[in-house]
Amino acid sequence: MPRTGGAEQALDQVNTNSRPSELRITDMRVAEIVGAPFASVLLKIYTNQGIVGLGEIRDGASATYALILKSRLLGENPCDIDRLFRRIKQFGGHGRQGGGVSAVEIALWDLAGKAYGVPIYQMLGGRFRDKVRIYCDTDAEKPSGTETGKRLKERMDRGFTFLKMDLGLMQIADIPGAVVAPAGTLEGYKSHPGPSAAKSLQDRRARNAVYDVHNVRHPFSGLHFSEKGLDLLEQYIAEVREVIGMDIPLAIDHVGHISLQNGIRLARRIEKYVPAWLEDVVPWQYTEQYRQLQQATSVPICTGEDIYLKEAFEPLLKAGISVIHPDLLTSGGILETKKIGDMAQEYGVAMAIHMAESPIAAMAAAHVAVATENFMALEYHSADVPWWDDIVTGLPKPLVNNGFIAVSDKPGLGIDDIVDDVICQHLQPGVSGAWRPTDCWDDEYSWDRTWS
């Protein structure tokens, strides 16, 4: 007879193939895909009870970041999330280097939710909201603000109530007199070092040279907006606002590798168009520069998508930043991002969430969003990917509906499975299949203690 009421009723939902206390990790495998919207890696953690946990490695990152953790997890109970996270978090880092630890952490939460029959948000303390507001990111591929405005208006017609667009260096890089730059400097920023196999040592050297250009931090690039350049950028956002109106929030991203001083000049130019925020103007490490930037403008200043672990956010919060913007696939996963949001709230700072990945990362972020009081909006970068919703089963279609994600009470992430037929049509170049054996990582070992 079913139990009735409270904790006893909850126990009726527990998966008792054996018992959650006897759940053990037995395997880890990946599927490397591209186009949803970027290159990313989906993760499965398998158990002795047939329950599978789903995770995702940050867009643009290597599957290796997760696979090196496999030998440190085999045989463990995935429900011991915090203990296992503390074991593996030393192997993460800022930017894409946080992708492996974060992917595993998300998969552990999915397993725990499935084992106990509860959604992840409930394990985080419950709901502050039933659905998650989405902001729709739109690359500035169009040559004019009017054309970009029309694309954004189409987003609004689909129900989106919060938007983001690019505004910066690359929109004016080819216009004579718009950018002051050392000779040849701009050329390196017009291409991106991709993952494709190099055909020769010379090809590798050329690719590495582009990689090095993109890793020059903003204060050292020598790039400046001319007054003509600033006029063009102001004209661009003015044209966008003319099409979409002033009522809807519009965030600004991808300013480019320009200095603090140029960021201030741009921010002051666009104040009248009331941006929701101005994002990643300089590298997040330059806390004092962020203090100066925010004090110099009324535009809310935002950063955080490349920061790993909550302690790196606190200096920025103390500096007076207006919006933090973690990506769960870099920040350390679900619980760490919840902690980051709660810490930001103590400083009176809102949390938006960066997300340019598959529905797996989207649902992980959505669970954090419904459970975090100072949440503002969650990024969606796949509005033009027709097969994005088909990657998984068990979620509503479309998942993003009228500008929101509704989070159900299904266990774990709420996803039933990944659709192999779909992902196998979108494997990264050079990848021969999905969920291939990873036995070569089973016995990876080193003496990992960080103290003597």
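How many salt bridges does the structure hold? The structure, a predicted model in which local features need pLDDT of at least 70, side-chain atom pairs count only at pLDDT 80 or more, and totals for chains, interfaces and linings use all residues, holds 36 salt bridges. Residues are numbered from 1 along each chain as its sequence is written, and side-chain values use heavy atoms, with hydrogens and water left out. A salt bridge is defined as a side-chain nitrogen of Lys or Arg within 4 Å of a carboxyl oxygen of Asp or Glu.

Helices are DSSP runs (H or I, at least four residues) numbered from the N terminus. Glu76 is buried, with a relative accessible area of 17%, whereas Arg87 is partly exposed at 31%; buried means under 20% relative accessible area, exposed over 50%, and partly exposed in between (1.4 Å probe, protein chains only).

Within helix H12 (residues 287–296), Glu288 and Arg291 are 3 residues apart, about one turn of the helix. Their salt bridge has its closest N and O atoms 3.1 Å apart. Glu288 is partly exposed, with a relative accessible area of 44%, and Arg291 is partly exposed at 29%. A network of salt bridges links Arg58, Asp59, Arg96, Glu305, Asp306, Asp327 and Glu357.

The axes of helix H10 (residues 227–244) and helix H11 (residues 260–270) come within 10 Å and cross at roughly 40°; axes are lines fitted to C-alpha atoms, for helices over the stretch in contact, and angles run from 0 to 180 degrees between N-to-C directions. The contact (heavy atoms within 4.5 Å) involves Glu227, Leu230, Asp231, Leu233, Glu234 and Ile237 of H10, together with Arg265, Leu266, Arg269 and Ile270 of H11. A salt bridge joins the side chains of Arg269 and Asp231 (2.9 Å, N to O). Because Arg269 lies in H11 and Asp231 in H10, the pair ties together parts that are 38 residues apart in sequence. Arg269 is buried, with a relative accessible area of 17%, while Asp231 is partly exposed at 41%.

Thr148 is located in helix H6 (residues 145–157) and is buried, with a relative accessible area of 0%. Leaving aside neighbours within four places in sequence, Thr148 is in contact with Ala140, Lys142, Met165, Tyr236 and Val240.

Conventions: Helices (H or I, at least four residues) and strands (E, at least two) are DSSP runs, numbered from the N terminus.
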